[in-house]
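Let's take a walk through this model together.

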Amino acid sequence: MALTVRVVPCLDVRDGRVVKGVKFQGLVDQGDPAELAAAYEAQGADEVVVLDVSATPEGRSTRLETVRRVRGCLSVPVTVGGGLSRVEHAEALLEAGADKVSVNTAAVLRPGLLEELASRFGAQCVVLAVDAAATERGGCASGYEVVVRSGSERTGRDAVAWAREAQERGAGEILLTSFDRDGTREGYELTLLKAVREAVHVPIVASGGADSPQHMADAVDAGADAVLAASIFHQDQWTVGRIKEALAGLGVVVRPTDSQEAGP
Amino acid sequence: MSEGRVRVVRTSTANLAAVRAAFRRLGHAVDVTDDPDLIAESARVVLPGVGAFSAALDAVRSRGLHEAVEARVRGERATLAVCLGLQLLAEGSEEAPGVSGLSILKGSAKRFDPSLGRVPHMGWNRIEAPGSADILRSGHGYFAHSYRLEEAPEGWTVAWSEYGGRFVAAVERGLVLACQFHPELSGRYGAALLSGWLEAGT
């Protein structure tokens, strides 16, 4: 057997509540983070990502209380990100119950943060979140540039080259979000995914645009090790368990849900 | 309820929240300690594993905790080693050439070859336990590591996983359980395993 493909619900949190928008705007309340996380685990989620989407624009650190509450209910891994810019922020999040921390804007501004985090906590703890958008004016060899501050600022930095550099600096996983697809339900940006897959050996979590198991299977074909989604799970269209059954039907190797696998 | 407490060896700045939460859900409080006497005497001890091989080993040795851990494991008393904790019991690791581990398990940890798959090996993989195991069972566990043992350590019951070839997913002997994966992050499978370890020998 091989490593299974992870199905990862993402909780975008603002002010302690789960919210969801389109292209990071027009946020709508989706519920309590700990309750949603527990429900997703029961459905068969392999991991949960908690992103404090309000943290960077408002300069706030991710609320530790949310992380503690989520940790208390979850027995699968939790990745936490949002506004993290210092080793001390990461340490507080890990102490509160995060298993991995995700950095985005702060690492773009100061790439040495990745080395600091990896040497302190190990590469397996450090996730680089890359928000990538198709370049409007060219200038990036891959055709994709990094956007920061929740998508409000284009950097002109090549997204694929940045992922490779981040791996060399100690990132143990790349959380790759297509800004152009986020919340659109048009499917993951496969060209971007393939380009980053060619460039790095660390696991890639595909994010942005998923609306169906077929989109997720396509992302796996393009090189994703895990598929992240938010909208599709929040609105009761699909449960994690139904997604995993459909993925298995499409030939993707997933962890069986507890009801399928005889417990010890 | 001191009998029900689980003592966790303080190795470094290890993230212990998940370990605490997992045992709390099973009705057991968790204390973190670097007191060698407590580690020697406690009913149940966990050797956690996050961080670098040599730093964790230094932390254990500098406080004289290695002797207490070694005595427990050799005496087959209830001891759970997790992830790097398993590797610390081995003879060494490619991560820190020239540094000796506690050498209770034969063999050294070697790095996964990136050409065989993604490194770190991160995610859920199938664990195959032999029918002869007392505590270990087959199922899916969550892994997050770049180094592993490839050979079965002599004298231990071994559960295997596959990732570019088979590797040691866990070993058990008496009431000692050492897991390369994270039972505290392995959903119901992991909780059942922790529960089995807590109940073994009682």
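If you skip its neighbours within four places in sequence, L113(A) is in contact with V103(A), A106(A) and A107(A); contact here says that two C-beta atoms, placed from the backbone, lie within 7 Å. L113(A) sits in helix α6 of chain A, residues 112–121. Helices (H or I, at least four residues) and strands (E, at least two) are DSSP runs, numbered from the N terminus. L113(A) counts as buried because 23 other C-beta atoms lie within 10 Å; the cut-off for buried is 20 or more, with 12 or fewer for exposed and partly exposed in between, again using C-beta atoms placed from the backbone. G83(A) is 30 residues away from L113(A) in sequence and 13 Å away in space, C-alpha to C-alpha.

A word on the ground rules: this is a predicted model, where local features need pLDDT of at least 70 and side-chain atom pairs count only at pLDDT 80 or more, while totals for chains, interfaces and linings use all residues. Residues are numbered from 1 along each chain as its sequence is written, and chains are lettered from A and ligands numbered from 1 in the order in which they are written.

Now over to α3(A), where T66(A), V67(A), R69(A), V70(A) and R71(A) are buried. What do the buried residues of α3(A) pack against? In chain A, they pack against β1 (6–14), α1 (33–43), β4 (48–52), β5 (78–81) and α4, and in chain B against α1 (17–25).

That brings us to the contact between the chains, which takes 34 residues from chain A and 36 residues from chain B. On the chain A side, α3 (64–73) and α4 (87–96) each supply at least two residues, and the largest share, four residues, comes from α4(A).
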